[in-house]
Amino acid sequence: MYCGDHASAYSSEGSVSDSVALCRNLGVQLFTHPILALVEQYGQGFEQAFAVPLRGLPLENLQARVRGTILMEYSNAFGALLLTTGNKSEISVGYCTLYGDTNGGLGLIGDLYKTEVYALSQHVNLQAGREIIPEAVLTKPPSAELAPGQQDTDSLPPYEVLDEILKWHIEGARLPEVECRAATQFVEQLRTTADGHALVARILGMVARNEYKRRQAPPIIRVRSRAFGSGRQMPIAAQYIV
């Protein structure tokens with residue numbers, strides 16, 4: 001079993017120390033593979049070729065793709081299966097880099113919403129009677145750490161909000177009755193305001209536009225009533241009214 005750290009210019013000291021603590025708690029080997037020099041070399045080549053600097057989203061995605069390439073190198077070299085880290089919230093709205101953090105052979109948590117991943121992590125610690133997953137991982141603001149001061153909420157609503165919208169939209173009546181009622185009421189309440197209505201429409205649009213990413217993602221383990229893959233296939237080239 002392998003847990004690796006791929007330090008970039010924007011990796012916080014906390015993330016590095018959390019990786020060390022997690023691997024120690026799990027009893028797995030930790031490797032460190034800096035990517036800063038590789039990213040800089042790509043950036044220089046891009047600017048030489050196209051006469052514009054590589055910055056913004058393309059630079060963020062490049063970092064994820066360099067990390068993903070290194071992980072696939074490890075997989076090829078040592079015969080290890082790369083596990084994809086994306087959860088259902090991120091996969092739904094395309095908050096993942098194609099050929100980067102979508103790399104891998106199997107998605108263990110791809111059918112768990114982000115809030116469920118946190119709940120599962122807390123359950124693991126509770127069952128073990130000790131801190132296996134560092135508390136800092138569960139309490140710090142989620143971030144891809146691909147830009148200075150980046151947080152997931154720069155691009156997405158809080159996961160407590162996002163996940164209710166996604167449950168209502170993706171699974172709907174297939175949810176357990178209590179869960180369905182809660183998600184429906186949540187969305188209906190959001191839609192009572194102009195901002196809330198616009199937010200729901202924006203999230204549904206993101207889900208529709210990112211079908212092409214989901215088609216290229218590794219298979220996931222299904223745990224909910226409707227999972228991406230054969231359980232929910234939508235046209236890639238289509239116009240959606242949301």
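Phe31 is partly exposed, with a relative accessible area of 32%, where buried means under 20%, exposed over 50% and partly exposed in between, for a 1.4 Å probe and protein chains only. The model is predicted, so local features need pLDDT of at least 70 and side-chain atom pairs count only at pLDDT 80 or more, while totals for chains, interfaces and linings use all residues. Residues are numbered from 1 along each chain as its sequence is written, and side-chain values use heavy atoms, with hydrogens and water left out.

The structure holds 3 aromatic pairs, a pair being rings of Phe, Tyr or Trp (its six-membered ring) with centres within 6.5 Å, and planes under 30 degrees apart counting as stacked, over 60 as edge-to-face and the rest as tilted. Two of these pairs are tabulated here.

| Pair | Centre to centre | Angle between planes | Class |
|---|---|---|---|
| Phe31 and Tyr74 | 5.8 Å | 50° | tilted |
| Phe46 and Phe50 | 4.8 Å | 55° | tilted |

Because Phe31 lies in strand E2 (residues 29-32) and Tyr74 in helix H3 (residues 57-78), their pair ties together parts that are 43 residues apart in sequence; strands (E, at least two residues) and helices (H or I, at least four) are DSSP runs numbered from the N terminus. Ring pairs also link Phe31, Tyr74 and Phe78 into a cluster. Phe46 and Phe50, 4 residues apart in helix H2 (residues 36-50), are separated by about one helical turn; Phe46 is partly exposed at 28%, whereas Phe50 is exposed at 54%.

Helix H7 (residues 159-171) and helix H9 (residues 194-209) have axes, fitted to C-alpha atoms over the stretch in contact, that come within 10 Å and cross at roughly 65°.

Key: Axes are lines fitted to C-alpha atoms, for helices over the stretch in contact, and angles run from 0 to 180 degrees between N-to-C directions.
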